[in-house]
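Q: I've got this one open on my screen. Walk me through some helix packing first, then a few individual residues.

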Amino acid sequence: RAELVLAMLKGLPDTCGFTILGDSCQALYDYMAEGDPAIMSSEQFYQDIFKSFPSANYYALTENHRQGDTFGQLTVPYRKAILTGSTQDRVSAASDLLTHIPRMPVKLTRFSRSDALRYVSQGETLGILTRTNGQALQISAWLQNADVPHTLHCGLGSPTLGDWIARIFCDYENESIDETAFVSNHLALFPEAGYEMAHMRWTALVSTQRGEVRKRYEVADLLKGILRNAKDPMLFESGTGAKPSITVSNIHRAKGKEFDSVIVIDDVIEAMAKPDTEETLEHKVCYVALTRPKIRIERAEFPKQYIYSIKNSTRRCFKPMIRKKYINNIEVGSDTDVDVLSLAADENTQRYLRQKVYTGMRLKLIKCPEGTKPYIAYRIVPEDNEKTVLGYTSKPFACELEHAIQQIYNNMHYSVKYEVFPHAFCDVYVHGITTCVSGIGPAPAGAKTFGDVSIWSGITITGFAAVDKDTY
């Protein structure tokens with residue numbers, strides 16, 4: 001990205017100026033440049049800017065507009081120490097912060113809906129920020145079990161199409177559609193959304209079509225456009241209601257966001273106050289967490305958890321059973337964890353997905369009999385209705401689970417037998433209702449087809465899936 005920006009600037013005509021906004025105190029990704037000369041660090045980027053444009057001016061903002069008054073001055077000494085101070089200056093500033101940031105009055109393990117109201121009763125927002133994905137997953141599991149509505153920002157998922165696309169077209173009988181028909185159907189399905197939302201979604205659909213704007217479109221063309229040219233953010237948004245006021249996130253994914261209140265995991269700040277802390281990058285991570293709130297910040301104790309990550313590109317989190325070579329939890333949330341074709345196995349499954357499945361719904365993963373598929377697959381079922389199969393987990397999920405078990409055994413060449421895979425996982429939830437579109441191969445039985453394109457409703461799942469110990 002740094003090289004791309006430099007190339008763009010150097011390609012500008014001499015008569016064109018530019019403004020770059022940045023904060024070196026929030027440069028969290030310099031670790032990627034360590035030991036790899038092909039990756040440009042933030043420091044190298046700044047040096048190249050002023051070498052290439054010696055007449056460029058440098059300005060520094062001096063006032064914190066997110067955090068006003070006394071609260072805004074809290075992190076000023078820490079920022080100065082990170083940018084220009086010594087190791088001891090940074091440690092001293094972090095120690096001083098610890099004396100000014102109070103602990104939250106309840107433990108996160110017992111955080112309830114009534115506790116949540118202390119932070120969000122008047123429509124305010126709350127961010128619970130962690131150092132690692134594993135911590136965020138564990139906190140999300142505690143909140144889910146306490147029925148505290150929240151959004152989890154972790155690392156595995158990628159954007160999925162909004163549920164409204166499938167809701168509109170899976171029961172649509174004509175081969176073509178215009179804005180009048182689309183808006184009419186949208187208002188019937190989502191009356192609370194109103195005309196403006198319907199019009200915006202129609203515009204998003206039409207934006208996928210290259211060429212002259214028409215009054216009426218073939219549905220197949222719209223679906224092909226979604227496959228090839230889906231850029232409007234509206235295409236990836238589901239639902240029409242308000243989003244949860246509480247967000248659980250690792251600090252890296254919270255960069256660029258703000259909340260009225262923030263609860264930050266204790267060890268994020270405490271680690272920075274230790275005399276032997278010399279890693280400037282970790283201080284920057286801490287600084288980002290401290291500058292997300294607008295009104296208040298608190299610290300929360302996080303019990304020690306032996307959470308590891310799989311040693312591959314996904315870095316998926318898992319937790320072994322203490323003193324036993326068995327898996328206890330594994331992160332779910334990748335869009336490849338679910339076999340999307342299995343979600344459209346028949347029309348009854350699709351009808352159930354559209355009518356009865358909702359975001360936050362509790363699920364279980366139950367292991368299929370050996371030999372059901374060429375890999376170890378799990379049935380995805382509602383927790384309170386295990387006979388209803390929504391779909392199946394995928395081969396990539398089976399491979400990731402096997403990698404985690406191999407890592408627990410400390411032997412990546414260990415061939416994991418069927419019986420070693422847990423029988424069932426709980427603490428899994430519906431993350432979102434989505435739309436699946438495919439123009440490849442035969443359409444699944446429960447999908448709706450338009451020409452050579454098929455469409456059906458799907459789900460994504462999330463959670464720090466816990467082994468159902470009654471069945472292991």
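A: Let's begin with a helix pair: Pro77, Tyr78, Ala81 and Ile82 of α4 meet Asp89, Arg90, Ala93, Ala94 and Leu97 of α5. A contact here is heavy atoms within 4.5 Å. By class, that contact has seven nonpolar, no polar and two charged residues. Ala, Val, Leu, Ile, Met, Phe, Trp, Tyr, Cys and Pro count as nonpolar, Asp, Glu, Lys and Arg as charged, and the others, Gly among them, as polar.

Q: Before we go on, what kind of model is this?

A: It's a predicted model, where local features need pLDDT of at least 70 and side-chain atom pairs count only at pLDDT 80 or more, while totals for chains, interfaces and linings use all residues. Residues are numbered from 1 along each chain as its sequence is written, and side-chain values use heavy atoms, with hydrogens and water left out.

Q: OK, back to α4 and α5. At what angle do their axes cross?

A: Roughly 160°, with the axes of α4 (residues 76-84) and α5 (residues 87-100) coming within 8 Å. Axes are lines fitted to C-alpha atoms, for helices over the stretch in contact, and angles run from 0 to 180 degrees between N-to-C directions. α4 and α5 are therefore roughly antiparallel to each other; the cut-offs are under 35 degrees for roughly parallel, over 145 for roughly antiparallel, 65 to 115 for roughly perpendicular, and oblique for the rest.

Q: And how are the helices and strands assigned?

A: They're DSSP runs numbered from the N terminus: H or I over at least four residues for helices, E over at least two for strands.

Q: Next pair: how do α1 and α2 pack?

A: α1 (residues 2-10) and α2 (residues 42-52) pack at about 10°, and their axes are 11 Å apart. That makes α1 roughly parallel to α2. On the α1 side the contact uses Ala2, Val5, Leu6, Leu9 and Lys10, and on the α2 side Phe45, Asp48, Ile49 and Ser52. Those residues split into six nonpolar, one polar and two charged.

Q: What about α9 and α10, what's their angle?

A: α9 (residues 179-189) packs on α10 (residues 194-206) at about 130°, axes 9 Å apart. The two are therefore oblique to each other. From α9 the contact takes Glu179, Phe182, Val183, His186 and Leu187, and from α10 it takes Gly194, Tyr195, Met197, Ala198, His199, Arg201, Trp202 and Leu205. In classes, that's eight nonpolar, three polar and two charged residues.

Q: Switching to α6: which of its residues are buried?

A: In α6 (residues 113-120), Asp115, Ala116, Tyr119 and Val120 are buried. They cover an arc of only 125° around the axis, which puts them on the same side of α6. The arc is that of the directions from the helix axis to the C-beta atoms. For burial, the cut-offs are under 20% relative accessible area for buried, over 50% for exposed and in between for partly exposed, with a 1.4 Å probe and protein chains only.

Q: Why would residues three or four places apart point the same way?

A: Because an α-helix has 3.6 residues a turn.

Q: And which strands do the buried residues of α6 pack against?

A: β1 (126-130), β6 (246-250), β7 (259-265) and β8 (293-300). Exposed Ser114 and Leu117 are on the face of α6 turned away from its buried side.

Q: Now the loops. Where is valine 416 found?

A: Valine 416 is in the loop between α16 (395-408) and β16 (424-438). Valine 416 is buried, at 11% relative accessible area. Beyond its neighbours within four places in sequence, valine 416 contacts Glu402, Ile405, Gln406 and Phe421.

Q: Asparagine 410, buried or exposed?

A: Exposed, with a relative accessible area of 70%. Asparagine 410 also lies in the loop between α16 and β16, and its phi is near 60°, a positive value in a residue other than glycine.

Q: What's the phi of arginine 315?

A: Near 55°, a positive value for a non-glycine residue. Arginine 315 is in the loop between β9 (308-309) and β10 (317-320) and counts as partly exposed at 47% relative accessibility.

Q: Last one: what is aspartate 178 in contact with?

A: Trp202, Lys215 and Arg216, leaving aside neighbours within four places in sequence. Aspartate 178 is in strand β4 (residues 176-178).
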